[in-house]
Amino acid sequence: MDPVSARLLARHPQKIDLSLDRMRTLCAVLGQPQMQLPPVIHVAGTNGKGSTIAFIRAMAEAAGLKVHVYTSPHLVRFNERIRLAGELIADARLSAILDRIEAVRGVEATVFETTTAAAFVAMAEVPADLAIIEVGLGGSLDATNVIDRPLLSVIAPVDYDHAEFLGTRIEGIAGEKAGILKAGARGIVARQQAAAMAVIEARAASVLTPLTVMGTDFDAWAERGGMAFQDQERFLDLPAPGLRGPHQIANAGLAVAVALELDLPEAAIAAGISGATWPARMQRLNAGPYGEMARAADAELWLDGGHNPHAGQALAEALAERQAKAPRPLALIVGMLANKDHAGFFEALKGSDAHVFTVGFDGAAADPAALAAVARGHGLGAQSSSSVEAALSRALRLGAGRVVICGSLYLAGEVLGASEETWPM
């Protein structure tokens, strides 16, 4: 665990308590930093938030803008969560801001509330042209939702996740995500299930928020090795997304709709789409100890942090596309949190013809043996392993030519953290 995370966990409640009361009080004492940010793009959704943010940031920076970004969770170092005008927050600045927050009396802020307050303070004190803020969980009661006047509100695809907090009905989940919609700020919405879209539209009508909706007002699709985008005014012939997988076309399309609202030039949009990077989203690993093991065996090694059925389906589509172009024996090294939908994740991958090796990781990970049993129940050959290294070694000995480590961002963080060569920058 990195020092900043250890500090936060030692001094603040490690719980999820969806409420804005503590956050509003904390921000008031700190001088309302959330009201002093550059124009804010607020991003909610179940899947695709991080990738969409990566595309928006890359396009804005290609246009010459200075961009703040707040995302969660981090993979290796806490600093990854706060990017100030293009650079990860420095240790000294972060420590000084946390000192100020922890000096506030009478507010028992959670780890995420403290993290969010630190991001707002840091972003308010460093000049920039744009701030992209990712919702942590849900939307309406998420700590980031003390932002009352965003420039744009973006809702990525809504699906099932965090059932213990958001419930098991898509309408309820969509209602939480739609809580970021604010009067005067246009909502840019990804393609949604009909039930989710109805809730989003109802929320938008109640707060008088205009919507721009994928599949109705704009769309994007793969074309001739690149990507096409069309709205009611223009057609853009764009390069293929720099992030891998067919699902990234939709994420990039959502980001293009945002970029056009920002009046970014087409050249910057194209450069951002092809140049965007985002760790642990179908990331090819060539460096570090695991990358070296795979390279020595002439095998591909990939890393993906998707951890729910929707993400499992996206991974399955990415692998199917890769296998169709260059078929190789496929293995999956899977570790998941105990509270995730293991059955739904493996159901999405059952047609991949992959052999599964299940592993644990630090934290509330699912038991590898139990996870392997779930995978076998969905038609996948599976066995548990004592570690990622053991699983990768066995997969390579058995002839795997393409290996994907997947199932959890926490597992992805451990893999990337194994060598400074692979730390996210």
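Me: This is a predicted model. At what angle to β11 does helix α10 run?
Reply: Helix α10 spans residues 266–275. The helix lies across β10 and β11. Its angle to β11 is about 40 degrees.

Me: In what order do the three strands of the open sheet come?
Reply: Pairing in this sheet is antiparallel. β9 (218–223) and β11 (235–238) stand at the edges with a single partner strand each, so one side of each has no neighbour in the sheet. From one strand to the next, the twist averages 15 degrees. The order is β9-β10-β11.

Me: Which residue in β10 is the bridge partner of Trp221?
Reply: β9 pairs with β10 (residues 226–231) in the antiparallel sense. Six bridges join the two strands. The partner of Trp221 is Ala228.

Me: Which strands does helix α9 touch?
Reply: Helix α9 covers residues 248–261 and packs on the sheet. Its direction makes about 45 degrees with that of β10. The strands touched are β9, β10 and β11.

Me: How far apart are the axes of α1 and α4?
Reply: Helix α1 is residues 3–11, and helix α4 is residues 91–102. They pack at an angle of about 5 degrees. That is under 35 degrees, so α1 is roughly parallel to α4. The axes are 12 Å apart.

Me: Which residues of α1 meet α4?
Reply: On the α4 side are Leu94, Ser95, Leu98, Asp99 and Glu102. By class, the contact has four nonpolar, one polar and four charged residues. The α1 residues are Val4, Arg7, Leu8 and Arg11.

Terms used:
Residues numbered from 1 in each chain as written. Predicted model: local features only at pLDDT ≥ 70, side-chain atom pairs only at ≥ 80, totals over all residues. Heavy atoms only, no water. Axes fitted to C-alpha atoms, helices over the stretch in contact; angles between N-to-C directions. Helix = DSSP H or I, 4+ residues; strand = E, 2+ residues; numbered from the N terminus. Parallel < 35°, antiparallel > 145°, perpendicular 65-115°, else oblique. Contact = heavy atoms within 4.5 Å. Nonpolar A, V, L, I, M, F, W, Y, C, P; charged D, E, K, R; others polar. Pairing = 2+ DSSP bridges.
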